[in-house]
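Colleague: I would like to learn how to read the features of a structure like this one, step by step. Could we begin with the charged pairs and then move on to the interior?

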Amino acid sequence: MTATPDGRVDSRIQNYTGFWQKDTQLDSPVDKDTRVENYKEVINGYYDGATELYEYGWAQSFHFSRFYKGEGFYQSLARHEHYLAAQMQLKPGMRVLDVGCGVGGPAREIAGFADVNIVGVNNNEFQLGRALRYTARQGLSKHVTFVKGDFMRLAEIFGEESFDAVYAIEATVHAPTFEGVYSEIKKVLKPGGIFGVYEWCMTDTWDPSIPSHKDLAHRIELGNGIPQMRTLGSSISALKTVGFDILHQEDLAERGDAVKWYYPLEGDMRKAQTLWDIITCWRTSWSGKHVTQSVIWLMERTGLAPKGTYDVGEALIIAADAIVEGGQKKLFTPMLLVICRKPEA
């Protein structure tokens, strides 16, 4: 594979959508097993193509959040990060691992909020380059650092019992198994250390034997670089199986907020909570998506964007619609919050 100077690999982007059958009914267990086995290619192909689209259409924090009425989009993202840090009871000076750190948005926010030292691990070179640049720009390089590595090999990378706390924000859904990634997280935690996670899950009312439910999960997977969606119950079960003591678990999407967590994806500018958020809502509207994809198409043709970026953008549109549908029907949540502890002995 030949990488561009910024770390992206054109062939990975171009091959990304080929891991899924376009027709849900044709997507077989063999296809699923292929995605799981090749999870690194799936994830890297997706983020090579999607990262700049995320930053343009969303933020440097690649996650959802709850909203109060009148709360700005960026303020909501930060509050979601602060809430996790507070629930984990992070203390000044702690060494904390961010599993699947993206371009470092949450790491920078939490480091400033909790006065902790954060190491972000990410297997995507393109994202890491951007994370380093943004962190240096904010003068946080002494407190927020980054390591390239596979989150299924954390103990090999960092050594066992090397962190006071670990968190993952909508990242471990990309792992081939929950048990595998949670086990690695437990290994690198010190005894008594805390793991906090916002997990993407299908809710326990989701039934894969129902064609429309299966199709919904398929569209979420395709548009988000996820080898296989799993249920909320399977996440909790996996945490217990690997030996964590669960201190708190809650699907925050069930809080009954008047302003829904998925509203920015609906593309309805009338729902914008602040004047500035009208722009965010427009980007996810029909016209906003059409303009964005038209520009990407032109950039691809002129060599300003890697080939395959347009197709990844199309997959993102499919996913956005599926996520909204999943949220409305309570079949999907991006915010299963679990706080757990590694036993002392």
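Colleague: Are Arg-35 and Glu-221 buried or exposed?

Modeller: Before that, please note that this is a predicted model, in which local features need pLDDT of at least 70 and side-chain atom pairs count only at pLDDT 80 or more, while totals for chains, interfaces and linings use all residues. Residues are numbered from 1 along each chain as its sequence is written, and side-chain values use heavy atoms, with hydrogens and water left out. As for your pair, both Arg-35 and Glu-221 are buried, where buried means under 20% relative accessible area, exposed means over 50%, and partly exposed is in between (1.4 Å probe, protein chains only).

Colleague: How far apart in helix α8 are Lys-187 and Glu-184?

Modeller: They are three residues apart in helix α8 (residues 178-188), which means that about one helical turn separates them, and their side chains meet in a salt bridge at 3.0 Å, N to O. Lys-187 is partly exposed, with a relative accessible area of 32%, whereas Glu-184 counts as buried at 9%. Elsewhere, salt bridges that share partners join Asp-6, Arg-8, Glu-52, Glu-55 and Arg-130 into one network.

Colleague: Which residues does Glu-184 touch?

Modeller: Leaving aside residues up to four places away in sequence, Glu-184 touches Phe-151, Met-152, Arg-153, Leu-154 and Ala-155, a contact being heavy atoms within 4.5 Å.

Colleague: How do I read a nonpolar core, and which residues of the largest one touch the most other members?

Modeller: The general idea is that, in soluble globular proteins, nonpolar side chains tend to be buried together. A nonpolar core is defined as a set of buried Ala, Val, Leu, Ile, Met, Phe, Trp, Tyr and Cys residues joined through side-chain atoms within 4.5 Å. In this model the largest core has 55 residues, and Leu-90, Tyr-167, Trp-200, Ile-220 and Met-229 touch the most other members. Ile-220, for instance, touches Trp-200, Met-202, Ile-226, Met-229, Ala-322, Ile-323 and Phe-332, again not counting residues up to four places away in sequence. A second, separate core of 51 residues includes Tyr-134, Leu-154, Leu-189 and Leu-232.

Colleague: How much space lies in the largest cavity, and which residues lie nearest its centre?

Modeller: A cavity is a set of points, on a 1 Å grid over the protein atoms alone, where a 1.4 Å probe fits but cannot get out, and its lining residues have an atom within 4 Å of a point. Grid points are joined across faces, edges and corners, and a volume is the space filled by probe spheres set on the points. The structure holds one cavity of 30 Å³ or more, and about 920 Å³ of space lies in the largest cavity. Its lining has 49 residues, of which Tyr-47, Tyr-54, Phe-62, Asn-224 and Leu-316 lie nearest the centre. The elements giving two or more residues to this lining are α3 (39-57), β2 (117-122), α12 (286-301) and α13 (309-328), and α3 gives the most, with nine residues.

Methods: A salt bridge is a side-chain nitrogen of Lys or Arg within 4 Å of a carboxyl oxygen of Asp or Glu. Helices (H or I, at least four residues) and strands (E, at least two) are DSSP runs, numbered from the N terminus. On a 1 Å grid over the protein atoms alone, a cavity is a set of points where a 1.4 Å probe fits but cannot get out, and a pocket is an open set with protein on both sides within 12 Å along at least five of seven lines; lining residues have an atom within 4 Å of a point.
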